[in-house]
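Here's a quick tour of one protein model, with the cut-offs spelled out as we go. Have the viewer open and follow along.

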Amino acid sequence: ATEVMGLEAHPTEAGKAAAEAAARVYVNGNYSYTHGGGILCNGNLVIGVPVNIEVPARVELQATKKLTDSIGNEKDLENNDFSFKVTMTEPDGTVVANGVCDSNGTITFDHQLTFKQEGTFVYYVYEEADGGNPSIAYDPTLYRLTMTVTKDSGVAWYGDTIKYTYSVTSVKVERSGDGGTSWTQGSQSST
C-alpha cells in the first residue's frame, strides 16, 4: 500500500455508552479504484447514530497515446515510456494525478478526481516532455478539463440522517497546442 491511514479515538464515557447503545455499523459504497474492496477504501463507514452523509463524485480519467514516425506511420509503444500529469487550476499547478502509458497506448492514472463541493473545477492534462529519449518529439498539447459538480437535494438514509450525493453533470475538454494561449473545443458531455 502506498497510503496508510490510522485512526485514534479518545471518547468520553458518555460517548462510549451512546455508541454501545446504538451498536450499528454501516458500510456504504465499498469499492476501490486500484485494488479489491475494503472498509474505508472510498465508501462510508458509519458507527453509531450518523449525522448527514455526503458522498463525493469521482471521475476516472481515461486517455490513449499514439506514437507515429515523421510521415505519420504508427509505431509500437513500450510500457511506461510516456508519462502524463494532471494539475489543478493552472498548467503548472498542484499535481493531483500521474499517468503512464502501456504498450497498447492506454494511459492509466494513479488517482481519481474526487469532488465533495459544488462548483466548476478546472484541470489540465499534459504529457511530460522530458521522457529522456532525444529521438522522440513529445506532444506539447495541453488539455483543459472543465467539470461542473452539483449536489442533490438529499434523500432520507437512516433515521433523521440525510444522504447527499455529488455528481459531475458536465465535462468540457479543450486542447491547446501553444501552451494555453488559445483553446480548441475537443468534446463535451453532460449527464
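## Starting point: glutamate 174

Is glutamate 174 buried or exposed? Glutamate 174 counts as buried, because its relative accessibility is 9%. Here, buried means under 20% relative accessible area, exposed means over 50%, and partly exposed is in between (1.4 Å probe, protein chains only).

Some housekeeping before going on. This is a predicted model, where local features need pLDDT of at least 70 and side-chain atom pairs count only at pLDDT 80 or more, while totals for chains, interfaces and linings use all residues. Residues are numbered from 1 along each chain as its sequence is written, and side-chain values use heavy atoms, with hydrogens and water left out.

## The overall picture

The protein chain has 16 strands and one helix. Those are DSSP runs numbered from the N terminus, with helices being H or I of at least four residues and strands being E of at least two. Of the 191 residues in the protein chain, 28% are buried.

The protein chain exposes about 12,300 Å², with 49% of that supplied by carbon and sulfur atoms; the areas come from the Shrake-Rupley method with a 1.4 Å probe, and for residues only the protein chains shown count as cover. Take the contacts (heavy atoms within 4.5 Å) between residues at least 6 apart in sequence: 50% of them join residues at least 24 apart.

## Salt bridges

Side chains of opposite charge can pair when their charged atoms come close. The structure holds five salt bridges, each a side-chain nitrogen of Lys or Arg within 4 Å of a carboxyl oxygen of Asp or Glu.

Back to the opening residue: glutamate 174 meets arginine 144 in a salt bridge, at 2.9 Å from N to O. Glutamate 174 sits in strand 15 (residues 161-176) and arginine 144 in strand 13, so this pair ties together parts that are 30 residues apart in sequence. Salt bridges with shared partners also join Arg144, Lys172 and Glu174 into one network.

Glutamate 54 and lysine 151 make another salt bridge, 2.9 Å from N to O. That pair links distant parts of the chain, with glutamate 54 in strand 3 (residues 53-55) and lysine 151 in strand 13, 97 residues apart. Glutamate 54 is partly exposed because its relative accessible area is 26%, and lysine 151 is partly exposed at 29%. Then there's glutamate 128 with lysine 85, at 3.9 Å from N to O. Glutamate 128 is in the loop between strand 12 and strand 13 and lysine 85 is in strand 8, so the pair ties together parts 43 residues apart in sequence. Lysine 85 counts as buried at 18% relative accessibility, whereas glutamate 128 is partly exposed at 23%.

## Two buried threonines

Threonine 146 lies in strand 13 (residues 142-151) and is buried, at 18% relative accessibility. Leaving out residues up to four places away in sequence, threonine 146 touches Thr120, Phe121, Val122, Ser170, Val171, Lys172 and Glu174.

Threonine 141 is in the loop between strand 12 (119-127) and strand 13, and its relative accessibility of 8% makes it buried. Beyond neighbours within four places in sequence, threonine 141 is in contact with Val125, Tyr126, Arg175 and Ser176.
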